[in-house]
Amino acid sequence: MCKRKIINDPVYDGFLSVDDPVILEVIGHPFFQRQRRIKQLGLTCLVYPGAMHTRFSHMLGALNLMGRALDVLKQKGVDITDDECRGAKLAILLHDIGHGPFSHTSERVLVDVAHEEITLRMMQRINDEMNGALTTAIAIFTNSYEKHFLHQLVSSQLDMDRLDYLSRDSFFTGVSEGIVGTDRIISMLNVHGDELVVDEKGIYSVEKFIISRRLMYWQVYMHKTVIAADQLLLNIIRRAREIDATVFRFDPSAADFLDRFAEVDDDDVMVAVKQWRHSDDDVLRRLCNDLVNRRLPAIRISNVPFEEPEPSYFTGTGKLRNRSYDFNDQEIKVLYKNGRCVGISEASDQLDRHFLEKQVTKYFMYQPKEGMTR
């Protein structure tokens with residue numbers, strides 16, 4: 001008798017059901033269970049107190065949406081085998097497994113390898129341990145599987161990852177701009193010529209999805225106080241490494257890299273930060289006390305670059321870029337009843353190409369609050 005798990009998820013007002021033994025085994029793997037200890041939005045909880053949700057809940061939510069999407073496509077006559085269904089579900093379930101502590105905040109800092117590469121290496125490791133059970137999933141994840149639309153469900157401009165994180169992050173931050181018509185969009189999904197498309201009745205829901213993502217980036221993901229907190233944490237790690245080069249240092253070429261990397265999560269970093277509050281180094285001690293007690297740097301945002309300040313662990317500048325749509329990626333396609341299929345920029349009367357391809361660049365400068373002039 002197949003074991004079945006029921007998981008309560010407040011984002012979708014109901015229960016997530018998992019009864020596939022292979023998927024359940026993957027969820028129980030230590031690499032996956034580690035995601036319970038990594039916050040989806042890093043230090044965003046210092047701005048939005050409710051943003052304490054984890055990568056674990058997001059990955060399960062994306063799995064749920066993938067199951068719904070596959071059901072819709074099969075109901076519309078798209079040929080998807082049971083092995084392909086399992087592969088697509090495993091690919092979306094594991095798509096973020098390579099994230100480090102505090103998710104994107106620490107990327108390329110703790111280890112100079114993108115989280116996507118670490119994800120693939122972890123998937124390959126689990127696949128070896130499970131005698132090839134993830135072979136189809138890995139092919140779908142890497143876009144080497146013969147049915148391209150399955151990869152698009154995992155990674156594209158309208159994938160199950162984005163649909164879940166916008167809904168989930170909106171729910172837990174309380175920022176209503178991120179609310180999207182997830183059910184409507186999924187019900188409008190279709191396949192045309194091996195490409196994932198949206199039936200024409202879903203145009204308006206896709207328009208709202210694109211606009212919501214743009215707004216969420218400015219209001220949540222690139223909120224200036226979140227940026228200030230991120231810079232503080234990164235400077236703590238840099239200063240700690242200057243004192244001790246072995247601090248949170250990983251060698252991607254080492255045989256035990258994955259195991260060592262998987263041992264480190266948000267809790268480990270914060271325990272270290274709390275210990276460094278008593279460091280003999282004045283700079284590290286001050287930085288750590290500021291983060292623990294939420295004494296964040298003052299930060300200003302501008303449309304023009306700031307003059308570069310003197311190098312310091314307390315003052316710096318940076319750049320923010322926000323583009324809600326990328327024409328270099330595969331464009332979202334709309335399928336009309338007459339069989340005509342066009343990009344959303346042509347189908348929409350709200351989102352023309354100029355709006356979609358516009359990239360907004362802003363600049364920031366942070367420094368101790370007592371040193372910031374208005």
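Colleague: How do the residues of the lining of the second largest cavity divide by class?

Modeller: Into six nonpolar, six polar and two charged. Keep in mind that this is a predicted model.

Colleague: How is such a space found at all?

Modeller: Rolling a probe the size of a water molecule over the atoms shows where empty space is left. Here, two cavities of 30 Å³ or more turn up.

Colleague: Which residues line the largest cavity?

Modeller: First its volume: about 80 Å³. The lining is made of Gln152, Ser156, Gln157, Leu158, Leu196, Val197, Val198, Gln330, Glu331, Ile332 and Lys333. Strand β4, residues 195-199, gives the most, with three residues. By class, count five nonpolar, four polar and two charged.

Colleague: Now the open spaces. What is the volume of the largest pocket?

Modeller: About 1300 Å³. A pocket differs from a cavity in being an open set of points, whereas in a cavity the probe cannot get out. This pocket has 43 lining residues, and those nearest its centre are His99, His104, Glu107, His115 and Tyr217.

Colleague: Which element gives the most to the lining of the largest pocket?

Modeller: α11 does, with six residues. At least two residues each come from α5, α7 (148-154), α8, α10 (203-221), α11 and β6 (316-322). The classes run to 15 nonpolar, 13 polar and 15 charged.

Colleague: What about the second largest pocket: how much space lies in it?

Modeller: About 370 Å³. Of its 17 lining residues, Ser17, Val18, Leu63, Gly67 and Lys89 are closest to the centre. Two or more residues come from each of β2 (14-18), α3 (55-75) and α4. The largest share, eight residues, belongs to α3. Its lining splits into seven nonpolar, three polar and seven charged residues.

Colleague: Where is phenylalanine 248 found?

Modeller: In the loop between α11 (224-243) and α12 (257-262). Phenylalanine 248 is not a glycine either, yet its phi is positive, at about 45 degrees.

Colleague: Is phenylalanine 248 buried or exposed?

Modeller: The cut-off for buried is under 20% relative accessible area. Phenylalanine 248 comes in at 15% relative accessibility, so it counts as buried. Phenylalanine 102 is buried too, with a relative accessible area of 3%.

Colleague: Take one side chain as a worked case. Which backbone oxygen does the side chain of threonine 173 reach?

Modeller: That of serine 170, at 3.5 Å. The side chain of threonine 173 also reaches the backbone nitrogen of valine 175, at 3.3 Å. Threonine 173 belongs to helix α8, residues 160-173.

Colleague: What does threonine 173 touch, not counting residues up to four places away in sequence?

Modeller: Leu41, Tyr48, Ala51 and Val220. Threonine 173 has a relative accessible area of 12%, so it is buried.

Technical notes
Residues are numbered from 1 along each chain as its sequence is written. This is a predicted model: local features need pLDDT of at least 70, side-chain atom pairs count only at pLDDT 80 or more; totals for chains, interfaces and linings use all residues. Side-chain values use heavy atoms; hydrogens and water are left out. On a 1 Å grid over the protein atoms alone, a cavity is a set of points where a 1.4 Å probe fits but cannot get out, and a pocket is an open set with protein on both sides within 12 Å along at least five of seven lines; lining residues have an atom within 4 Å of a point. Grid points are joined across faces, edges and corners, and a volume is the space filled by probe spheres set on the points. Helices (H or I, at least four residues) and strands (E, at least two) are DSSP runs, numbered from the N terminus. Ala, Val, Leu, Ile, Met, Phe, Trp, Tyr, Cys and Pro count as nonpolar, Asp, Glu, Lys and Arg as charged, and the others, Gly among them, as polar. Buried means under 20% relative accessible area, exposed over 50%, partly exposed in between (1.4 Å probe, protein chains only). A polar contact is a pair of N or O atoms within 3.5 Å; within protein, one must be able to donate a hydrogen and the other to accept it, and residues adjacent in sequence count only if both atoms are side-chain atoms. Contact means heavy atoms within 4.5 Å.
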